[in-house]
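Trainee: Please take a close look at one part of this model for me. I would like the ligand site.

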Amino acid sequence: MHAQLNILKLAAAAAALSFAAGASAQNAPIKIGFMLPYSGTYASLGSMIEDGFKLFVAEQGGKLAGRELQYFKVDDESEPSKATDNVNKLIKRDQVDVLVGTVHSGVALSMAKVAKDTGTLLIIPNAGADAITGPMCAKNIFRSSFSNWQPAYAMGKVAGERRHKKAMTITWNYAAGTESAKGFKDGFEKGGGKVTQDLLLPFPQVEFQALLTQIAAQKPDAVYAFFAGAGAVKFVKDYVAAGLNKTIPLYGPGFLTDGTLEAQGAAAQGIVTTLHYADNLNTPRDNAFRLAFAKAYKTNADVYAVQGYDAAQMLSAGLKAAGGNIKAMDKIVAGISTMTVDSPRGKFKLSKAHNPVQDMYLRVAKGNLNEYKGIAVKALPDPGVGCKM
Ligand code: PHB
């Protein structure tokens, strides 16, 4: 009898202990690992993403689904050869619950592989690598941004509608560049145009002169360029300095002029691009976001800030669906997969492969704004070829 009582007491104590452990796991902050470029040609993109993410969190009173957050940061330097080590620093050393990153497609491909192997929740706030929401898709991997194909296809379609016949593409030789050029070609050739040559240089080189000379010699009707960040600033200025803009219109996905107009100055004026964001959408949702962002950071929001903000919204919805329990992966996945993201860009849902299905806007650079000119393609899904979940 006495022994039985002791066993009961023991069981009660054990239950209380395990309840306390569960409660403390619920009270401990959720660990967020930012793996972003904080140096190099994409440095400004990385900080805009982080700022956007933190703005959404601040708007929720500093918590998501009632949970405190703790941040860990790694500068990935947009360097694919260091990517696996860098992501493991966050997962193994810092033991983060969630990965948020990155900008560069080559780095993101390695992140996605580790996330898939370890089952860690990964929200990609930029990198467009088509494979991540294609053959590499996974239930715990989401994108708040775009696939490289999406804005590129829209630009190709518009260039075709403008009755250009022959185009050349120019970009960095890595996944984002080559997939962007391919997306443009898909859209352009569907409309009867022809891409006559793809020019490439290694990332993140900015010695464009020899390639600009080739463009001048071949005289295509249009040029399509994928560059971003500091590289985009230099390319647009060099294109104008070479006098090419006088005879050969320059097009690109909106990254060519997003977050860069101040630095590009006169050289960027009038450049036509396509993207899932523009600076004067003039919706109540976007106006409120831009005002809050400008107040918090003393600078204008750009597409990268929007993607960071939406990554936080997606995490928030997933956590809410799981009652704040970051370990309840199935509930988190279900919550994010079925949500409507109330983005400053406009509301969107995710495809089966977890990529935004979104409008592609036509924009023209004027002053410091990429002005909205209309919808180039409505609710464009990425084809998501090869995704089996
Ligand atoms: C990418 O590497 O996927 C990438 C980088 C910068 C951008 C867009 C895409 O602005």
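Mentor: Start with the shell. The ligand is surrounded by 16 residues, and Val103, Ser105, Gly128, Tyr174 and Tyr304 are the closest. A residue counts as near if one of its heavy atoms lies within 4 Å of the molecule. This is a predicted model: local features need pLDDT of at least 70, side-chain atom pairs count only at pLDDT 80 or more, and totals for chains, interfaces and linings use all residues. Residues are numbered from 1 along each chain as its sequence is written, and side-chain values use heavy atoms, with hydrogens and water left out.

By class, the shell has eleven nonpolar, five polar and no charged residues. Here Ala, Val, Leu, Ile, Met, Phe, Trp, Tyr, Cys and Pro count as nonpolar, Asp, Glu, Lys and Arg as charged, and the others, Gly among them, as polar.

Now the polar contacts (pairs of N or O atoms within 3.5 Å). Tyrosine 174 places a polar side-chain atom 2.5 Å from a ligand oxygen atom. For serine 105, a polar side-chain atom is 2.6 Å from an oxygen atom of the ligand. Valine 103 uses its backbone: a polar atom there is 3.3 Å from a ligand oxygen. Alone, the ligand exposes 280 Å², and the protein buries 100% of that (Shrake-Rupley method, 1.4 Å probe).

Next, the domains, whose bounds come from an automatic or database assignment. Domain 1 (26-146 + 280-354) and domain 2 (149-275) both give residues to the shell, so the ligand lies between them. Their C-alpha centres are 28 Å apart. Domain 1 puts 15 residues into the contact and domain 2 puts in 19 residues, with contact meaning heavy atoms within 4.5 Å.

Methods. A polar contact is a pair of N or O atoms within 3.5 Å; within protein, one must be able to donate a hydrogen and the other to accept it, and residues adjacent in sequence count only if both atoms are side-chain atoms.
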